[in-house]
Amino acid sequence: MSTSADGDGRPDNGGFDDLPELPELPDDWGPVVIPDDPAELAAEAARVRRELRREARHATWRRRLGLTSATGPGPLRLSLLIMTVAILATLTSLFALAWPGQPRPTPSTRTTPNQPSGRTLPALDLLGEDGQVVPLRSLLPAMVVLADNCSCVQELDAAVRAAPPGVTVVAVRTRRTEPEPGSPPPAGAGRLRLLTDPTAELRSSLQLSSRPETATALLVSRSGEIIRTVPALLPVADYQADLDRLPAAD
């Protein structure tokens, strides 16, 4: 090893003559400038660290999604994941559609207005002619006529005449009506009761629609079962058979 020419005892060329030569840098790197102060490289070092962290995160997610795998093809795992999500979404939709809601009536349970309804008369207390409370069920068996939208004098008279012994004809209105002066009472008026239902609770509880100048009749047995619902008061001949069997119906 040679010493420097100035005689200071240091190795010539700073002692780097014995070091191996460094490989040439790629041309596309351009000129490489090494600053005297390493702090000047802080910004560049931070950018490099951010890129390395971003690449590490991307690699982690690719492994989780099966895009890269050392044991098998990644796209297959991704396809299975997509199919699983699609199947779960389909099952969720089917479950929502099949969730039990209001039961729909079947042909075997539907009833027509002129057929037995299978319902019972509500246990209501209405107002009598004298303003006293009258339990509606105390008058059974009965033909209950909701006549709040109809005077129906002739129809009520025909119903009273046709009612067999033991069956009361009950006319229910939302307002108390006084008979016109000099008007004769219906035949068999002893079996006709006039009741007032101020809040129309009977009609609403049975969910019966109201139509102008139309009365709805209910043929009710002694036990309170509604044998037949007549939506519009028909001629007596149309419901006479059901009216006759009310005394014997339980």
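Predicted model: local features only at pLDDT ≥ 70, side-chain atom pairs only at ≥ 80, totals over all residues.

Me: In which strand does Thr168 lie?
Reply: Residues are numbered from 1 along each chain as its sequence is written, and side-chain values use heavy atoms, leaving out hydrogens and water. Helices (DSSP runs of H or I, at least four residues) and strands (runs of E, at least two) are numbered from the N terminus. Thr168 belongs to strand β4.

Me: Is Thr168 buried or exposed?
Reply: Buried means under 20% relative accessible area, exposed means over 50%, and partly exposed lies in between, with a 1.4 Å probe and protein chains only. Thr168 has a relative accessible area of 16%, so Thr168 is buried.

Me: Which residues is Thr168 in contact with, leaving aside its neighbours within four places in sequence?
Reply: Contact here means heavy atoms within 4.5 Å. With the neighbours within four places set aside, the partners of Thr168 are Leu139, Pro141, Ala142, Met143, Arg191 and Arg193.

Me: What is the relative accessibility of Ala142?
Reply: Ala142 is one of the contacts of Thr168, and lies in strand β3. Ala142 counts as buried, and its relative accessibility is 0%.

Me: What separation do the C-alpha atoms of Ala142 and Val220 have?
Reply: Leaving aside neighbours within four places in sequence, Ala142 has contacts that include Leu218, Leu219 and Val220. Ala142 and Val220 are 78 residues apart along the chain, and their C-alpha atoms are separated by 5.5 Å.

Me: How many bridges join β6 to β7?
Reply: Two strands pair if DSSP finds at least two bridges between them. β6 and β7 form a hairpin with 5 residues between them, and Gly224 in the turn has a positive phi of about 100°. Leu218 stands opposite Thr229 in β7. The two strands run antiparallel, and the number of bridges joining them is 4.

Me: Why is β7 described as largely enclosed by the rest of the structure?
Reply: The reason lies in how its residues are covered. β7 is largely enclosed because the buried residues in this strand number 5 of the 5.

Me: Which residues does Leu233 touch, not counting residues up to four places away in sequence?
Reply: Leu233 is among the residues with the most contacts inside the largest core. Beyond four places in sequence, Leu233 touches Met143, Val145, Glu155, Ala215, Ala217 and Tyr239.

Me: At what angle do α3 and α5 pack?
Reply: Ala158, Ala159 and Ala162 in α3 meet Val236, Tyr239, Gln240, Leu243 and Asp244 in α5. Axes are lines fitted to C-alpha atoms, for helices over the stretch in contact, and angles run from 0 to 180 degrees between N-to-C directions. The axes of α3 and α5 are 11 Å apart, and the packing angle is about 40°.

How values were computed. Core = buried A, V, L, I, M, F, W, Y, C linked by side-chain atoms within 4.5 Å.
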